[in-house]
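Cover its salt bridges, its cavity, its pockets and its surface.

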Amino acid sequence: MPFDPQSGRSPALERGDGAAELIFAAHGPGGSGLAHLYQTDPCRVLFPRAEPGHPPTAVLLTTSGGLTGGDRLRISIAAHDGAVATVTAQAAEKIYRALDGDCRIDVAVDVGRAWLEWLPQETILFDGSRLRRRTEIVAAPGGRFLGCEMLVFGRTARGESMTSGFLHDSWRIRCGGALVWADALRLDGDIAAALENPFGFDRAKAIATAVYIADDAERHLELARGSLDQASSTAAVTVVNGVLLARFIGRAAADVRRDLVTYLCALRQAAGGWPPALPRVWYH
């Protein structure tokens, strides 16, 4: 960082402050499409042609190639009555080591009487990274939402682990105006010890959460459990206040990702009638 001889101080590092806003609405009999789009660097949204039988698809990407301390992203997704849409990410989100400050990601989802999927790929937490992420979902009666997130502790493909840094990852889900599920994960201080603890993460390298919010969520509980029978990671599913909730934890990030994909494919086919496959970017 260059030194300014006149002030005697080093200038502040440039930080990213990006946003992406998407609104989907019904267009004609049986149709659905984009009604509003706003984006600012480093957020970009692509609209590839959806595979046959799949909902209209939006793909988010970060042009900076990753985020670090002081960066901020705000993602807002809404589906109005009658709309169907899938929003995903082009690749894994990388959270680099922070020199100072936290990286902040705020995700707001608003689901009317619609079908909406928020299916980002995994977030990789580099050693020394600092992330505060908040996901808030509001669903109207009759709305259906399928979402997920996955965290990888370190660049496991290079044999690295996350030993220090900070993580605060929170969820809030409201249905019909009532708070039906709240969850938060916080890691700070000696993260290596927390991840090694046999009564905690038990040497886990990755975790994932999947939620399905709908009036018929409980009806899919047995199918959801059945889709986990062959899971390589430790996984479980339950229903909490009308939210079908699945958790995954494993010592191999590839196992957690594979089990998450299998689960999401089975559930989106059973609940939404969609083909049992995720957007193609998940398979590249």
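**Charged pairs, spaces and surface**

D41 is partly exposed, with a relative accessible area of 46%. This residue belongs to a predicted model, and D41 forms a salt bridge with R44.

**Salt bridges**

- Side chains of opposite charge can pair when their charged atoms come close.
- The model has 19 salt bridges.
- In the pair of R44 and D41, the closest N and O atoms are 2.9 Å apart.
- R44 is partly exposed, at 31% relative accessibility.
- E117 and R268 form another salt bridge, with 2.8 Å between the closest N and O atoms. E117 sits in strand β9 (residues 115-119) and R268 in helix α3 (residues 253-272), so this pair links parts that are 151 residues apart in sequence.
- E117 is buried because its relative accessibility is 0%, and buried means under 20%. R268 also has 0% relative accessibility and counts as buried.
- R258 and D255 form a salt bridge whose closest N and O atoms are 2.4 Å apart. The two residues are three apart in helix α3, so about one helical turn separates R258 from D255.
- R258 is partly exposed at 42% relative accessibility, and D255 is partly exposed with a relative accessible area of 22%.
- Salt bridges with shared partners join R72, D106, R134 and E136 into one network.

**Cavity**

- The model holds one cavity of 30 Å³ or more.
- The volume of the largest cavity is about 90 Å³.
- Its lining is formed by P48, R49, A50, E51, H54, T57, V59, L278, P279, R280 and V281.
- By class, six residues of this lining are nonpolar, two are polar and three are charged.

**Largest pocket**

- The largest pocket has a volume of about 390 Å³. It is lined by 28 residues, and T62, A89, A91, E93 and P120 are the closest to its centre.
- Two or more lining residues come from each of β3 (43-46), β4 (57-62), β5 (72-79), β7 (93-95), β8 (103-111), β11 (130-139) and β12 (144-153).
- The lining of the largest pocket comprises 15 nonpolar, seven polar and six charged residues.

**Second largest pocket**

- The second largest pocket has a volume of about 260 Å³.
- Of the 16 residues that line this pocket, D183, L185, I207, T209 and R247 lie nearest its centre.
- At least two lining residues are supplied by each of β12, β13 (166-175), β14 (178-188), β15 (206-213), β16 (234-240) and β17 (243-250).
- This lining divides into 10 nonpolar, two polar and four charged residues.

**Nonpolar surface patch**

- L34, L37 and F47 make a nonpolar surface patch of about 220 Å².
- L37 is placed in strand β2 (residues 32-40).
- L37 counts as partly exposed because its relative accessibility is 31%.

Notes
Residues are numbered from 1 along each chain as its sequence is written. This is a predicted model: local features need pLDDT of at least 70, side-chain atom pairs count only at pLDDT 80 or more; totals for chains, interfaces and linings use all residues. Side-chain values use heavy atoms; hydrogens and water are left out. A salt bridge is a side-chain nitrogen of Lys or Arg within 4 Å of a carboxyl oxygen of Asp or Glu. Buried means under 20% relative accessible area, exposed over 50%, partly exposed in between (1.4 Å probe, protein chains only). Helices (H or I, at least four residues) and strands (E, at least two) are DSSP runs, numbered from the N terminus. On a 1 Å grid over the protein atoms alone, a cavity is a set of points where a 1.4 Å probe fits but cannot get out, and a pocket is an open set with protein on both sides within 12 Å along at least five of seven lines; lining residues have an atom within 4 Å of a point. Grid points are joined across faces, edges and corners, and a volume is the space filled by probe spheres set on the points. Ala, Val, Leu, Ile, Met, Phe, Trp, Tyr, Cys and Pro count as nonpolar, Asp, Glu, Lys and Arg as charged, and the others, Gly among them, as polar. Patches are made of residues with over 30% relative accessible area and no salt bridge: like charges are joined within 9 Å, nonpolar side chains (Val, Leu, Ile, Met, Phe, Trp, Tyr) within 5 Å. Accessible areas come from the Shrake-Rupley method with a 1.4 Å probe; for residues, only the protein chains shown count as cover.
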